[in-house]
Amino acid sequence: MTGAETGMAGTVYKQGWTLDDVAWGAFDSARVTPELLAAVKAAALVEYNAADYADYLHRIFRNSDPQTLADIAAWGREEVQHGRALGRWCELADPGFNFESSVARFRAGYRPQHFMSEEQISVRGSRRGEMIARCVVESGTSSYYSAIRDAAAEPVLKEVAGRIAADEYRHYKLFLDILHRQNEPELPFWRRLLVAVTRVKESDDDELAYAYYAANMPPSAPYDRVTCVRLSAARALSIYRPVHIKKLVQMIAKAIGANPQGRITRMAGTLVWRMLRMRAGISAHMAKA
Ligand SMILES: [Fe+2]
Ligand SMILES: [Fe+2]
């Protein structure tokens, strides 16, 4: 294992790792759990699909300085690598799983409108809006992979999730930095909040549900959106612990210019945790029904 240091808070992984840095030989099939495996299969497809998102961001930031464009390109490559690393782990954990064919199914069935258009304005209305939406997504992935790392008993998944969580946090900081570098007028607070809330709500959209379907169900099964939303939510939400949600809410608060340590952010953190637990319970219950 390279590109890592062990500090007080556990292993800290550095940027620029490759698949060869992962200690694949430590894989222990007895420690794989079906719940985490299903969630990781779906996550692998979403990550791998980031190349489309990188093309879209390149269009939105086409006249930016070379550093910003290079950073966006490097970000896209890291997201695709996350997909490859998770996909390889899933193939080890389930020899019946074929990453490439699941990716092909996912891409054939899911392509958001704004990836296919030639539109050069962000669907969020501005570059600042786009960066706030990106910060929300990176806050989500950073906390999700931290939660997977902490929940995983299988050592290779723990390592891969730890490496990805560290990358996602760096992505968040990168997009926060690009957000503040834009020479567009600052958005009013209500607008920043609206972009963040809209992006959080979109987490319910087809992307995660369809990835769950393409990764976990046979092609002969019809795609039932409602069932797949429930199954994917039940799997994902049961992995989180309060500490991950607290961090997630603090990161989003900072991105929209609210006080991450303030009373309202703390209250929002508690509220979001309760809502997620309730939804996870309902989703798990309905998924069994
Ligand atoms: Fe990622
Ligand atoms: Fe990321």
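## H2 against H3

In this predicted model, helices H2 and H3 pack at an angle of about 170°, and their axes sit 8 Å apart. An angle over 145 degrees counts as roughly antiparallel, so that is how H2 and H3 run relative to each other. On the H2 side the contact uses Ala50, Ala51, Ala54, Leu57 and His58. Facing them from H3 are Leu69, Ile72, Ala73, Trp75, Gly76, Glu79 and Val80. Sorted by class, the contact has nine nonpolar residues, two polar ones and one charged one.

## The overall layout

Stepping back, the chain holds twelve helices and two strands. Reading from the N terminus, the order is β-β-α-α-α-α-α-α-α-α-α-α-α-α. Of the 289 residues in the chain, 40% are buried.

Take the contacts between residues at least 6 apart in sequence: 76% of them join residues at least 24 apart.

In soluble globular proteins, nonpolar side chains tend to be buried together. Here the largest nonpolar core has 70 residues. Val40, Ala42, Leu45 and Ala211 are the ones with the most contacts inside it. Helix H7, residues 155-181, gives the most to this core, with eleven residues. Apart from this core lies another one, of six residues, and among them are Tyr56, Leu57, Phe61 and Ile72.

What does Leu45 touch, once residues up to four places away in sequence are left out? The partners are Gly83, Ser102, Val103, Phe106, Ala211, Ala214 and Ala215. Ala211, Ala214 and Ala215 are buried residues of H9, the helix that comes up next.

The buried ones are Leu208, Ala209, Tyr210, Ala211, Tyr212, Tyr213, Ala214, Ala215 and Asn216. What covers them includes helix H1 (34-48), H4 and H10.

From H9, Asp206, Leu208, Ala209, Tyr210, Tyr212 and Tyr213 meet Arg225, Cys228, Val229, Leu231 and Ser232 of H10. By class, this contact has eight nonpolar residues, one polar residue and two charged ones.

## A few single residues

Is Ile132 buried or exposed? Ile132, in helix H6 (residues 127-151), has 27 C-beta neighbours inside 10 Å, and the cut-off for buried is 20 or more, so Ile132 counts as buried. Leaving aside neighbours within four places in sequence, Ile132 is in contact with Leu179, Arg192, Val195, Ala196, Ala255 and Ile256. Phe175 is 43 residues from Ile132 in sequence, but their C-alpha atoms are 7.9 Å apart in space.

Arg107, in helix H4, is partly exposed, with 14 other C-beta atoms within 10 Å. The C-alpha atoms of Arg107 and Ala214 are separated by 9.2 Å, though the two are 107 residues apart along the chain. Asn98 sits in the loop between helix H3 (66-93) and helix H4 (99-109). With 14 C-beta neighbours inside 10 Å, Asn98 also counts as partly exposed. From Asn98 to Gly87, eleven residues away along the chain, the C-alpha separation is 8.3 Å.

Finally, there's Met267 in helix H12 (residues 263-288). Met267 is exposed, because 11 other C-beta atoms lie within 10 Å and 12 or fewer counts as exposed.

Terms used. Residues numbered from 1 in each chain as written. Chains lettered and ligands numbered in written order. Predicted model: local features only at pLDDT ≥ 70, side-chain atom pairs only at ≥ 80, totals over all residues. Core = buried A, V, L, I, M, F, W, Y, C linked by C-beta atoms within 7 Å. Helix = DSSP H or I, 4+ residues; strand = E, 2+ residues; numbered from the N terminus. Contact = placed C-beta atoms within 7 Å. Nonpolar A, V, L, I, M, F, W, Y, C, P; charged D, E, K, R; others polar. Axes fitted to C-alpha atoms, helices over the stretch in contact; angles between N-to-C directions. Parallel < 35°, antiparallel > 145°, perpendicular 65-115°, else oblique.
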